[in-house]
Amino acid sequence: MLTKREKIAYGLGDTASNIIFQTVMLFLTFFYTDIFGISPAIVGTLFLVVRVVDAITDPLMGALTDSTRTRWGSYRPYLLWLALPFGVISMITFTTPDLPESGKVIYAFVTYTLLMLVYTAINIPYSALGGVLSGDPKERVSIQSYRFVFGMLGGLIVSACTLPLVNWLGKGDNATGYQLTMALMSGLGVILFLICFRFTKERVAAHNTSSLSWKTRMNTLWQNGPFKVLCFAAFMLLTSMVLRTTLAIYYVKYVLGEAELVTYFVTIGMIGNILGCACANPLSKRVDKKTAYIRLQYISAAISCVAFWLPGEQLALAFAVYFLWCFFTQMATPLLWAKMADTIDYGQWKTGERLTGLVYASVVFFIKLGLALGGAIAGWLLAFYGYEANTELSEHTLSGILISFTLYPAIGSMLVAFIMKRYILDNQTVERISADLSLKKHP
């Protein structure tokens, strides 16, 4: 049984990750189009290219961590080694040098690529660490609930503090404001990663996979049916989720016509995220994880559709609906990550090989693809509907932003629910597999 202190320490690692992840999700598109001055079509292509390249490195990083052996374990040491580089590159990405348009595009491609690569290098071992803190399937949901509550706390810091800090530190110069704000937040992230490293412990021993070829590992992994289902579900989930969160700023600024309320809108969403993650563990004790996950996707889709029909002047309802969408969407997130650990057990039970880092990295690969496609679609849709930064938009453009923010993500949630119906690891099956593995370890 893990102590609360260790679960909190593990969760603080995701606070650090989310300071960057949520900044990218919420503000990077807006930063590139409205602060740095890059066209939305180019931003969409940038997101797709960089994130696809980055995603390819995920399985490589997972295999590397599975083969790592240090006195600190296989996954924890990466938090120590990469915390500072992660912080420095995060700040550089939000720096705006005075360059011609082509130079700005090149700078954005290079710095964003570096950011995504270092994010992969520290987040893959961090994610895998959650699967080796405990071998108890029930304890895993609790671990992931702590993780995502504290992870969304990082998102809350971003949503509540970013724009006010930009205004305060920049003193009218938004470019300088973003740079200094990210320097401050990145410093906090470095500290939190080091706390996570210091107060956690790996308990599930890593299997020796160094003798397995890369082809053998991938063939073994692909025999894992539940793992493949999670990959496709994660891809579709992130595509729709990133599309919606990326367009939240544009929805508030242009559709609702309340630019000054952007901070409040994204903050109320983060509060919904935190509360939703906190409710995941109690929910999993009463409802099968698979059933709960599918039902939550249906609820998220319905809420997203409701937002389409809201009159623009109904600000309170718009805020409430966004809060509820975040609440129910993020309630499913810890369940998804707990399922990853379940598929690792299933793979070991079926093949005899425990590929912890590779499983997490491969699911994250599909998450990154969803992140890439969702961000790219957001940029392309803005361009398709004729968006031009800081101008009065036509009814056609406003309608396009509204549809893209509401109906398209709803379709994505429905597809996730459909995919998850093929997932075979219900609670009873997971407990049986865990018992079998325990008997093999302690006959």
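## Second largest pocket

A pocket is an open set of points, on a 1 Å grid over the protein atoms alone, where a 1.4 Å probe fits, with protein on both sides within 12 Å along at least five of seven lines; lining residues have an atom within 4 Å of a point. The structure is a predicted model, in which local features need pLDDT of at least 70 and side-chain atom pairs pLDDT 80 or more, while totals for chains, interfaces and linings use all residues. Residues are numbered from 1 along each chain as its sequence is written, and side-chain values use heavy atoms, with hydrogens and water left out.

The lining of the second largest pocket consists of Pro 137, Lys 138, Glu 139, Val 141, Ser 142, Asn 281, Ser 284, Lys 285, Lys 289, Asn 427, Val 430 and Glu 431. Two or more of these residues come from each of helix 5 (137–170), helix 10 (262–286) and helix 16 (427–441); helices are DSSP runs of H or I with at least four residues, numbered from the N terminus. Helix 5 contributes the most, five residues. By class, the lining has three nonpolar, four polar and five charged residues (Ala, Val, Leu, Ile, Met, Phe, Trp, Tyr, Cys and Pro count as nonpolar, Asp, Glu, Lys and Arg as charged, the others, Gly among them, as polar).

## Helix 14

Helix 14 (residues 356–384) has 29 residues and should span 42 Å at 1.5 Å a residue, which agrees with the 42 Å between its end C-alpha atoms. The expected span is 1.5 Å times one less than the number of residues. Because 24 of the 29 residues are buried, helix 14 is largely enclosed by the rest of the structure (buried means under 20% relative accessible area, with a 1.4 Å probe and protein chains only). Just after helix 14, Gly 386 has a positive phi of about 80 degrees.

## Aromatic pairs

Rings of Phe, Tyr and Trp (its six-membered ring) pair if their centres lie within 6.5 Å, and planes over 60 degrees apart count as edge-to-face. The count is 32 aromatic pairs. Phe 86 and Phe 193 are edge-to-face, because their ring centres are 5.7 Å apart and their planes stand at 80 degrees. This pair joins helix 3 (residues 77–93), which holds Phe 86, to helix 6 (residues 174–198), which holds Phe 193, across 107 residues. Phe 86 is buried at 3% relative accessibility, and Phe 193 is buried at 0%.

Tyr 250 and Tyr 387 also form an edge-to-face pair, at 5.2 Å centre to centre and 85 degrees between the planes. Both Tyr 250 and Tyr 387 are buried.

Methods
Buried means under 20% relative accessible area, exposed over 50%, partly exposed in between (1.4 Å probe, protein chains only). Rings of Phe, Tyr and Trp (its six-membered ring) pair if their centres lie within 6.5 Å; planes under 30 degrees apart count as stacked, over 60 as edge-to-face and the rest as tilted.
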